[in-house]
Amino acid sequence: MSILTLENINFSYGKTKVLKDISYEFENGKMYCIVGKSGAGKTTLLSLLSGLAKPHSGKILYKGEDIKNTDKYKYRSKYIGVIFQSFNLITKYTALENVMLSMDIAGVKGINKKKKAMELLLSVGLDEDEANRRVLKLSGGQMQRVAIARALSYDPEIILADEPTGNLDTETQNEIMEIFNSLAEQGKCVILVSHSPDVAKMCDECYELKRNSKK
Amino acid sequence: MYILKNSFKSIGRSKGRNVLIGIIVLAISVSACIGLSIRQAAQNAKESALEGMSITATISYDRQSAMKDFQPSMGEGGKRPEMPEGGFDRSEFSKMMGNDNSLSLEEYEKYAEADSVGAFYYTTTLSLNGSDNFLPVSDETEDETEEDSVESEENSQDFGFEMGGFGGKMPGPMGNMMFGSMSDFSVVGYSTHAAMSNFSAEGNSTITEGVMFTDETEDFECVISEELAIYNDINVGDTVIFTNPNNEEESYEFTVTGIYTSTEGNTTDFSAMMGATSLDPANSIYTSSNALAVIIANSEENSSTMTDEDTGREYETALTSTLSATYVFKDVESYEKFEDEARELGLSEEYTISSSDVAAYENSITPLTTLSKIAGYFLLVILGIGAIVLVVLNIFNVRERKYEIGVLTAMGMKKGKVATQFLCEIFAVTLSAVLIGAIIGGVCAVPVTNALLDSQLAQTKANEEQVQENFGGMPNMGNMPGMPGGMGGMGGMGGMSKPDNIDIPEGFMGEAQNYITEIDSAMNLTVVIQMLGIAVLLTLSAGAVSMLFVMRYDPLKILANRD
Ligand SMILES: Nc1ncnc2c1ncn2[C@@H]1O[C@H](COP(=O)(O)OP(=O)(O)OP(=O)(O)O)[C@@H](O)[C@H]1O
Ligand SMILES: [Mg+2]
């Protein structure tokens, strides 16, 4: 059974139509890649999937239920992990604090959050010094990895990643993709946005967004 | 609770801004604390001064309210009713202004039945002339030397309160003056010795020879002043003869049982100023009111109608007495209750109840209450400005942290929780600043209040001197105890003629500066609670704005618009 379903989604910014009549199904245990030209509406689609924006028509179903009717805070804080294209980290917090904050918001209990957060940061390739540094003082690639660690910290069922490897060298990209792959194998649903053909090749399914013709 | 943890972390992260807010709140709270302390000090002073102070009060006819009633009737219906002598009903008017309005002894006694009344006494005053071998002390022959006037200036400082004492010592003389009869002596009859507080331990008069007249006696016994005794060469046991100023034939023989001295100020100045010999305290003769009652009855019996040679007016020769009654209350509450009780017993609204003790006391705390009022306004302004500044600062704060709010909500943190976190931050900063401010304010309150009080006192005194200049050597006139409302309110006259300033604590009456000049403690639980209230108020006003902004923000827009 699909965990996320798109049913005839339409979305526009003012008069600019971005998404037109999109239907798709995402399933657990698979890794998806959304491709398309710049400005095709990939980030917009992820915003809809993460509940930050509402489709103008059509439905997004989470486990068969319209996300309109679910607790959007719970949905955002527990069920999905989002890696934003622009990271959206709190820059005055340290990397570790950013990760821990997400665990707090998700209501993670019963584990040593600091230890788990540090393990995650190490697993995405940061060292301890970098983990304890304010995000402001990290490089773009390091920030991206912090964002990845944050999205994984509360163990969500769905991972939404907007160009998660865009700022990374091939070696690190492969390490990160390895992590996503293992998550998919654990039964999670991983949805990536990428321009990279290498990334697309590693995914189970690809969905191409066409830039909307000006009808 | 991660929200709390988060807010504390946040405070630490933006030290600069929080220190700024803290300093502003600190300034507000120090000023607020001092303001509140001043108000509290005024309240404390009021309570402690009135505590355990027994109050005396008098009932007097309120001429002003009577005047109001009188005037509209003059112009009723657009045209004046028929009025003799130039459209003004003199007889009506003089009836209104005259003695007809004084309460009778029976009425006074009726109101004394009220539960609140602790004790009741009265004095009867007669204006009597002497006889050939019994003359009043008079300074008419004395020259006003330069020395004298210098001296009087020196003494003028004392007047304010001497006047109070004077009022008590010489009940009724003002009444006599008003009717123009310039008699030699004021003969004051006391209903009981208890009323003669001038002769009590705290009083300023003592019997130096002989004894006091017998309490409540109907016999013609009296005590006279030392000056009078020397002036007329009278010894204890001698008799003196008084005559009715309206009828020389009518005379009364009194036995002098005692001679008293009074430590009261320069009496000569006084009589010179007032221009009547009977007003000179030295010409006050004390006796029992029962004895005077006998005289009055006798005088009425033998009354005849005479015609004034100059004006052609007719008058009765019978002696008219001035009655003055004093009610004593065990405390202020009883005094305050008395009004209602007396009204219930039938006291008409035209009469007012006043207490010179309360008036004197209120006068004494004038600088403090003025300061307290100023402090009140100051407090409002400070809190108003403070709230505005805090609100503005918080708007900036929230706008600056817009992105953070966007991230937090995008991560699934409820807006309510974000707002709560912001509120916690504001509250923690404000509360600690208020606490520190309260401590600083508490330490400063007493010296600051006293310094302010000093300048307020100087101001009050400067005003007084102005009044003194304007009214030529009558300092403190407006503030005279026993004359609430100053000279303007003639209704205050009743207060003049009470037996004495009974039970006013020393220090109130002892010196000219009867003002409370210092406070010693101001902070108490009330102030602390009020400060907490202010902290909550400031936080809420600032926090409400933060809340509003947080609730309004849409995370997607914030994150999309970031630069
Ligand atoms: N807030 C907005 N208001 C108006 N138009 C917007 C807004 N955000 C995006 N758009 C427009 O919507 C279209 C889709 O944008 P989107 O960010 O989804 O593209 P994208 O596929 O993620 O592109 P890229 O690969 O460059 O990240 C673009 O043409 C963009 O200009
Ligand atoms: Mg994009």
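This section describes the cysteines, the aromatic ring pairs and the charges placed over rings in a predicted model.

A disulfide is a covalent bond that joins the sulfur atoms of two cysteines. A:Cys206 is accordingly in no disulfide, the sulfur of A:Cys33 being the nearest cysteine sulfur to that of A:Cys206.

Aromatic contacts were examined next. A pair of aromatic rings is described by two quantities, the distance of the centres and the angle of the planes. Over all chains, 25 aromatic pairs were counted. One of these pairs is formed by A:Tyr62 and A:Tyr79, whose ring centres are 5.2 Å apart and whose planes meet at 10 degrees, so the pair is stacked. Because A:Tyr62 belongs to strand β4 (residues 57–62) of chain A and A:Tyr79 to helix α2 (residues 72–79) of chain A, the pair ties together parts that are 17 residues apart in sequence. With a relative accessible area of 6%, A:Tyr62 is buried; A:Tyr79, at 26% relative accessibility, is partly exposed.

In chain B, the rings of B:Tyr190 and B:Tyr286 have their planes at 65 degrees and their centres 5.7 Å apart, so this pair is edge-to-face. B:Tyr190 is located in strand β3 (residues 185–190) of chain B and B:Tyr286 in strand β8 (residues 284–288) of chain B; the pair therefore ties together parts that are 96 residues apart in sequence. B:Tyr190 is buried, at 2% relative accessibility, and B:Tyr286 is buried as well, with a relative accessible area of 0%. Ring pairs also link several residues into a cluster, which consists of B:Phe120, B:Tyr122, B:Tyr327, B:Phe329, B:Tyr335 and B:Phe338.

Finally, charges over aromatic rings were considered. B:Arg401 is placed over the face of B:Phe422, at 4.2 Å from the ring centre. For B:Arg552, the charged end sits over the ring of B:Phe549, at a distance of 5.0 Å from the centre of that ring.

Key. Residues are numbered from 1 along each chain as its sequence is written. Chains are lettered from A and ligands numbered from 1 in the order in which they are written. This is a predicted model: local features need pLDDT of at least 70, side-chain atom pairs count only at pLDDT 80 or more; totals for chains, interfaces and linings use all residues. Side-chain values use heavy atoms; hydrogens and water are left out. A disulfide is a pair of cysteine sulfur atoms within 2.5 Å. Rings of Phe, Tyr and Trp (its six-membered ring) pair if their centres lie within 6.5 Å; planes under 30 degrees apart count as stacked, over 60 as edge-to-face and the rest as tilted. Helices (H or I, at least four residues) and strands (E, at least two) are DSSP runs, numbered from the N terminus. Buried means under 20% relative accessible area, exposed over 50%, partly exposed in between (1.4 Å probe, protein chains only). A charge sits over a ring if NZ of Lys or CZ of Arg is within 6 Å of the ring centre and within 35 degrees of the ring normal.
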